[in-house]
Amino acid sequence: MEATAQTDSLVEQGVSATKVMVMEQPGEGPRVRMVLQQCMGAQLMVQPPDEGSPPQFVEIRRGLIIYICFLRGATKTLTEKMARTALTVRLSESDDGKLVSVLDLPGDVLIIPQATLGGTIKGKVMQYHKNIAKEEGLQLYSEFVSIFRKTYERNDKCQTTGTVVRYGTYGNRQVFSCQTNGPYTHLIEM
């Protein structure tokens, strides 16, 4: 697999990202797209209110928000590789200003399924023809979340500090809010 890295300011494109990492086969598009964002805290509604019950939220403290989208051709192997990348890439700023992985920080993680990352513009309309089928996407998303949960459960630093992995529900609209110390956002494609 050939890896290329581009450093671009995507502000002109409406994305507040500072770095783009693309790893794909020559002549093919990405099969998994992930946006990583540092945060000081975040909250995601995973269940809207209904008759007699209030909405349900998941929250994290300082850490990493991961938006992930699976496109046609995504596999379990690519999902595992993306999870390892997100766990080990040095994007989190420590108290002394060094960039460390979210595991080394250690920080909380909020994983949000984000099918809109698979969109392409055709004329004046966004289209999502490249997205994976919903059932396959749910299976890969569940695998991605499982890798994070197992890694955090086995990591001594994470256990000692009480850091957590929280995640959204696949295929649903979710209300989201966060406090960032940036924006400090990265797009990774494989």
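Salt bridges, helix packing and surface features

The side chains of Arg62 and Asp95 meet in a salt bridge, with an N to O distance of 2.8 Å. This pair links distant parts of the chain, 33 residues apart. Arg62 lies in the loop between strand 5 and strand 6, and Asp95 in the loop between strand 7 (92-93) and strand 8 (99-100). Arg62 is partly exposed, with a relative accessible area of 27%, whereas Asp95 is exposed, with a relative accessible area of 74%. The model described here is predicted.

In total, the structure holds 3 salt bridges. Side chains of opposite charge can pair when their charged atoms come close. One of these pairs joins Arg33 to Glu189, whose closest N and O atoms are 2.5 Å apart.

Asp108 is in strand 9 (residues 108-113), while Arg61 is in the loop between strand 5 (56-60) and strand 6 (63-70), so the pair ties together parts that are 47 residues apart in sequence. Asp108 counts as buried because its relative accessibility is 1%. Arg61, in contrast, is partly exposed, with a relative accessible area of 45%.

Two packed helices are described by the angle between their axes and the distance between the axes. For helix 1 (residues 76-88) and helix 2, the axes come within 9 Å and cross at roughly 40°. Helix 1 and helix 2 are therefore oblique to each other. The crossing of these two helices is right-handed.

The loop between strand 11 (125-127) and helix 2 (134-154) contains Tyr128. Tyr128 counts as partly exposed because its relative accessibility is 37%. Together with Ile121 and Met126, Tyr128 forms a nonpolar patch on the surface, and the accessible area of the three residues together is about 310 Å². Ala133 is also placed in the loop between strand 11 and helix 2. At 34% relative accessibility, Ala133 counts as partly exposed. The C-alpha atom of Ala133 is separated by 8.9 Å from that of Phe70, although the two residues are 63 residues apart along the chain.

Val102 is found in the loop between strand 8 and strand 9. With a relative accessible area of 1%, Val102 is buried. Val102 and Gln38 are 64 residues apart in sequence, and their C-alpha atoms are 9.3 Å apart in space.

Methods
Residues are numbered from 1 along each chain as its sequence is written. This is a predicted model: local features need pLDDT of at least 70, side-chain atom pairs count only at pLDDT 80 or more; totals for chains, interfaces and linings use all residues. Side-chain values use heavy atoms; hydrogens and water are left out. Patches are made of residues with over 30% relative accessible area and no salt bridge: like charges are joined within 9 Å, nonpolar side chains (Val, Leu, Ile, Met, Phe, Trp, Tyr) within 5 Å. Accessible areas come from the Shrake-Rupley method with a 1.4 Å probe; for residues, only the protein chains shown count as cover. A salt bridge is a side-chain nitrogen of Lys or Arg within 4 Å of a carboxyl oxygen of Asp or Glu. Helices (H or I, at least four residues) and strands (E, at least two) are DSSP runs, numbered from the N terminus. Buried means under 20% relative accessible area, exposed over 50%, partly exposed in between (1.4 Å probe, protein chains only). Axes are lines fitted to C-alpha atoms, for helices over the stretch in contact, and angles run from 0 to 180 degrees between N-to-C directions. Angles under 35 degrees count as roughly parallel, over 145 as roughly antiparallel, 65 to 115 as roughly perpendicular and the rest as oblique. A crossing is left-handed if the near helix is turned anticlockwise from the far one by less than a right angle, and right-handed if clockwise.
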